[in-house]
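Some labels given to a residue or a pair of residues rest on a cut-off.

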Amino acid sequence: MGTATKARTRDIYAFAFYVTLLLIFGKPASAQFRYSIPEELKEGTVVGNVAKDLGLDITSLTDRRFRVVSGSEDAIFDVNQNNGALYVHKHIDREELCQGSGACLMELKILVENPLEIHYVVVEITDVNDHSPSFPEKEQIFEIAEHTLPGKRFQLHTARDPDAGINSIRTYTLTTNEHFEVNIRQSDAGKIPFLVLKKALDREQKDKHSLLVTAVDGGKPQRSGTLNVSIIVLDSNDNRPMFSQEIFQISIQENVPAGTLIFRMNATDLDQGSNGEVEYILGKTLSGKVYDIFELNKLTGEIRVKGVVDYEENDAYELDVEASDKGTPPLTGECRVIIKIKDVNDNPPEIEVTSLSNTVSEDSKPGTVIALLSVKDKDSGVNGKIISHISNDVPFELKPTYKENTYSVVTKGFLDREEVSHYEITIKATDCGEPPLTTFKTVSIQISDENDNSPHFELTPLDFYLVENNVAGKSIFSVSARDNDLNDNAAISYHIAREGSQNDMTSFLNVNSENGQITALKSFDFETLKTFRFQVVATDSGTPPLSSNVTVNVFILDQNDNAPVILYPVSSNGSAEGVEEIPRNVNAGHLVTKVRAYDADIGYNGWLLFSLQEVSDHSLFGLDRYTGQIRTLRSFTETDEAEHKLLILVKDNGNVSLSATATVIVKVVEPKEAFAASDVKSAAKEDEGNDVTFYLMITLGSVSVLFLISIIVLIAMQCSKTTDYTSKYLQEPNYDGTLCHSIQYRSGDKRYMLVGPRMSIGSTVAPGSHANTLVLPDRRRASTEVRL
C-alpha cells in the first residue's frame with residue numbers, strides 16, 4: 001500500500017475519532033493557521049509552533065498532547081505532542097505532491113487534548129528550481145528540399161520541466177546560423193517550438209546543417225536542456241540561368257537592313273544536365289511592335305532586326321529576355337536589353353499652322369500678326385535643327401516668338417487690296433542635316449476691303465452730244481463711275497449738284513441714283529440752246545462715304561426741224577413771188593436774179609440746194625444749184641416768149657428734206673423799156689434791199705452771238721485738255737448771199753466741223769451722221785469719224 005493510501009486511511013480514522021469525541025463531549029474549540037515553506041527544507045525542520053500560535057503557555061503543557069489527525073502528516077509533516085511544534089517529517093517533493101503550475105497547499109488537522117480541541121493548519125509548499133528542462137529525444141532529423149521557400153515551419157520536440165511558475169520553461173534558443181530561426185507558439189499545454197526557414201537552402205553550397213536547440217527555464221540559476229537537430233538538404237533545380245549583367249545597352253542606326261545581327265545573349269547555369277541547358281525567349285509583357293521589329297533565336301541568343309527601325313517612332317527599345325533551363329520545374333533568369341536608336345536625317349521638317357487669320361484688313365499696320373505657326377523635325381540633334389523663312393516676295397515676314405521653333409507671320413509693309421487682293425505666302429523650313437531636307441507650306445491670305453478709294457470717272461470732263469427735240473422724260477445718256485473698293489464700299493449712288501438758280505439747267509435734269517441714267521424733263525431746241533454743263537456727284541456707301549464729281553458738257557446737235565425761209569423774192573400771202581424784167585438783147589450768162597433763202601438749221605440740215613421745178617423753156621434759163629442765181633443760157637430770139645415763169649424749189653439737205661418754193665416771173669422787154677424799168681426797179685430794189693439787209697444783219701448778229709458763246713465754251717474746254725489741235729471756228733469763205741454755217745472744233749482725238757450750204761474742198765460726209773457734222777481729214781491721222 002502506498003504512502004498516499006496510508007495517509008488517507010489515517011485521516012479517515014482520525015476523523016471518526018474526532019466525531020466520536022464531539023458526540024461525547026460536545027463542540028470543541030477550533031482555530032486555523034497558515035504556514036508557507038519551500039520544498040527544499042530538510043527533514044526535522046520546524047515549520048511552526050501550534051501551541052505558541054494558539055497562545056498557550058508552553059511551560060505548563062505537561063498534561064496536554066498534540067497530534068496530527070488528518071492529512072499526510074505521517075509522510076511529510078508531524079507535530080511534537082509535548083510542545084506543539086510542527087516539523088518536516090520526510091523529504092518534500094512538490095512536483096510529486098502537486099503537479100502543475102498552481103499553488104501547492106497541504107491541509108492538516110491538529111488535535112489538542114486536555115481539553116480536547118481541533119485546529120486547522122494549511123501548509124503552502126513553494127516551488128524550487130530543482131529540475132532541468134528535458135527533451136523526449138536527444139536528436140531530431142529533418143530532410144528539406146533546397147527549393148523550399150523561406151517561411152516554411154517545422155515542429156520541434158517539446159521539452160518538459162516539472163517545476164512550476166517561473167521555474168518552468170521560459171524559452172528556446174538556436175545556435176547562430178543564417179538559414180533557420182526558432183519560433184515559439186503558446187498553447188494550453190505549454191510552449192511549442194518550431195524551426196522556421198528564414199533563408200533558402202542551397203545544396204550546392206552546403207548539403208547538411210547541424211543545429212542545437214536549447215530549452216531554458218526561468219529559475220535562478222537557470223536550468224536548460226538541449227536537442228540536436230540535423231538538416232539534410234535535398235538537391236533540386238535551384239540554380240537559375242544567370243546573365244553577366246542585368247542590363248545590356250547597345251546602339252544601332254535607324255533604317256538598318258532586316259536580318260542584321262545586333263547582339264548575342266549569353267547566360268550560364270551552375271546546374272548540370274538538363275538543369276543547365278538554357279533557352280532564350282523574349283518577355284511576354286513587351287508591346288507588339290517589339291516582336292515585329294526584333295527577333296531572338298531561342299538556342300543561340302542572337303538578336304536580329306526583323307522589321308523597320310525608325311528613330312522618329314521610337315528612339316529606344318527595352319527588351320526583357322528570359323533564359324530558362326530544362327529542369328523540373330524549370331528556372332529562369334532575366335535581363336534587359338536596351339537598344340538605343342541613332343538618328344539619321346530621314347525626315348523633312350513639318351510646318352503646322354496653329355492659328356491663322358484668313359482675312360486681313362488692308363489698313364493693317366506693319367507688324368500686325370496674321371498667323372502663328374510652329375515647325376518641328378522628328379529627327380534629333382543637328383538633323384532636327386530648323387531654319388525657317390518666307391521664300392516668296394510678299395509684304396510679310398516671319399518673326400520668332402519666345403518659344404523655340406514657333407513663329408508669327410506679321411505684315412512688314414502697308415497693304416493695298418486694290419493692288420493685290422490675295423497673297424499666297426510660301427514658308428520654307430530647312431533642317432541642318434546632311435543632306436538637308438526642306439518643306440514648303442503655303443498660307444492663303446485674303447485682303448479685306450476698306451473704304452479708301454473714292455469713286456472715279458474714266459474721263460473728266462464728260463462730253464455728250466444730244467440731238468435736239470428729245471422726248472421729255474426719257475433717258476438721254478448715262479454716266480458711270482468706278483470704285484476700286486468692294487461691296488458696300490464700291491456701291492455707288494449718283495446725284496446732280498444743284499446750284500439753286502431757277503434758270504439752272506439742272507432743274508430740268510434728273511439722274512437715276514443707281515445706274516447713272518440721266519433723264520431730261522424737257523425737250524431741247526438747238527436753235528435756242530447749243531450747249532450747257534452740269535456736275536454729277538458719285539458717292540460710295542462706305543463708312544465714311546467718299547465721293548467725287550465730274551463735269552458733264554452737253555452739246556445739242558441740230559436736227560432738221562426748220563424748213564428753208566425764202567428771203568427773196570419776198571414772201572406775201574404765204575407765197576414767194578417776184579417779177580424780173582430783162583432786155584431782150586442780153587447775152588448768155590446774164591444774171592437775171594438771185595433767189596435768197598435761210599435755214600435756221602446748221603450743217604447739212606441748213607445746207608440749201610436750189611432746183612427748177614417748172615420753167616417754160618429749159619434752154620433759156622439756168623439755175624445755180626448752190627447759189628440760187630438765175631442766168632440766161634443763151635440770147636433771146638424773136639420767137640421767144642415775152643414772159644417766162646420759173647418755179648424754184650429750195651430744200652435743205654436733211655435726211656428728211658424740208659423745202660420751200662419761190663416763183664420768179666421773167667419779162668422780156670425791149671432795151672429802151674428795160675432801161676426805164678431798170679431805173680424804177682433799181683430804186684425800188686434799193687429800198688427793198690436796204691430792208692432785207694437790215695433784217696439779215698439782225699439775224700446774222702443773233703446767230704453769231706450764239707455761236708460765239710459756243711466757240712468760247714468749246715475753246716475753254718479744249719484748252720483744259722491736252723489736245724493736238726485748238727478748237728476753231730472757220731468762216732465759210734465762199735459765202736455769196738445765202739446764209740451758211742461752218743464750225744470746226746476738236747474733242748479728244750477727233751476733229752469735227754459743222755458746215756452750212758458750202759463745204760470746204762476736201763471735206764467728207766460721214767454716213768449716218770444726220771448730215772450736220774463733218775469730220776475734217778486729220779493730217780496726222782488716217783481715219784475720220786463722226787461722233788454723235
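Q: What does buried mean here?
A: Buried means under 20% relative accessible area, exposed means over 50%, and partly exposed lies in between. The model under discussion is predicted.

Q: Why is Asp-640 called buried?
A: Asp-640 has a relative accessible area of 10%. The cut-off is under 20%, so Asp-640 counts as buried.

Q: What makes the contact of Asp-640 with Arg-634 a salt bridge?
A: A side-chain nitrogen of Lys or Arg must lie within 4 Å of a carboxyl oxygen of Asp or Glu. The side chains of Asp-640 and Arg-634 meet at 3.1 Å, N to O, so the pair qualifies.

Q: Why is Arg-634 called partly exposed?
A: Its relative accessibility is 23%.

Q: What makes Asn-347 buried, and where is Asn-347 found?
A: Asn-347 is in the loop between strand E23 (332–342) and strand E24 (350–356). Its relative accessibility is 16%, and buried means under 20%, so the label applies.

Q: How do you know that the side chain of Asn-347 makes a polar contact with the side chain of Glu-312?
A: The two side chains are in polar contact at 2.6 Å, and the distance limit is within 3.5 Å. Another polar contact, of 2.7 Å, joins the side chains of Asn-347 and Asp-346.

Q: Why are strand E16 and strand E19 said to stand at the edges?
A: The open sheet has four strands in the order E16-E23-E22-E19, with mixed pairing. Strand E16 (247–253) and strand E19 (279–282) each have a single partner strand, so one side of each is left without a neighbour in the sheet.

Q: What makes E19 and strand E22 a pair?
A: At least two bridges are needed. Four bridges join E19 to strand E22, which run antiparallel, so they count as paired.

Technical notes: Residues are numbered from 1 along each chain as its sequence is written. This is a predicted model: local features need pLDDT of at least 70, side-chain atom pairs count only at pLDDT 80 or more; totals for chains, interfaces and linings use all residues. Side-chain values use heavy atoms; hydrogens and water are left out. Helices (H or I, at least four residues) and strands (E, at least two) are DSSP runs, numbered from the N terminus. Buried means under 20% relative accessible area, exposed over 50%, partly exposed in between (1.4 Å probe, protein chains only). A polar contact is a pair of N or O atoms within 3.5 Å; within protein, one must be able to donate a hydrogen and the other to accept it, and residues adjacent in sequence count only if both atoms are side-chain atoms.
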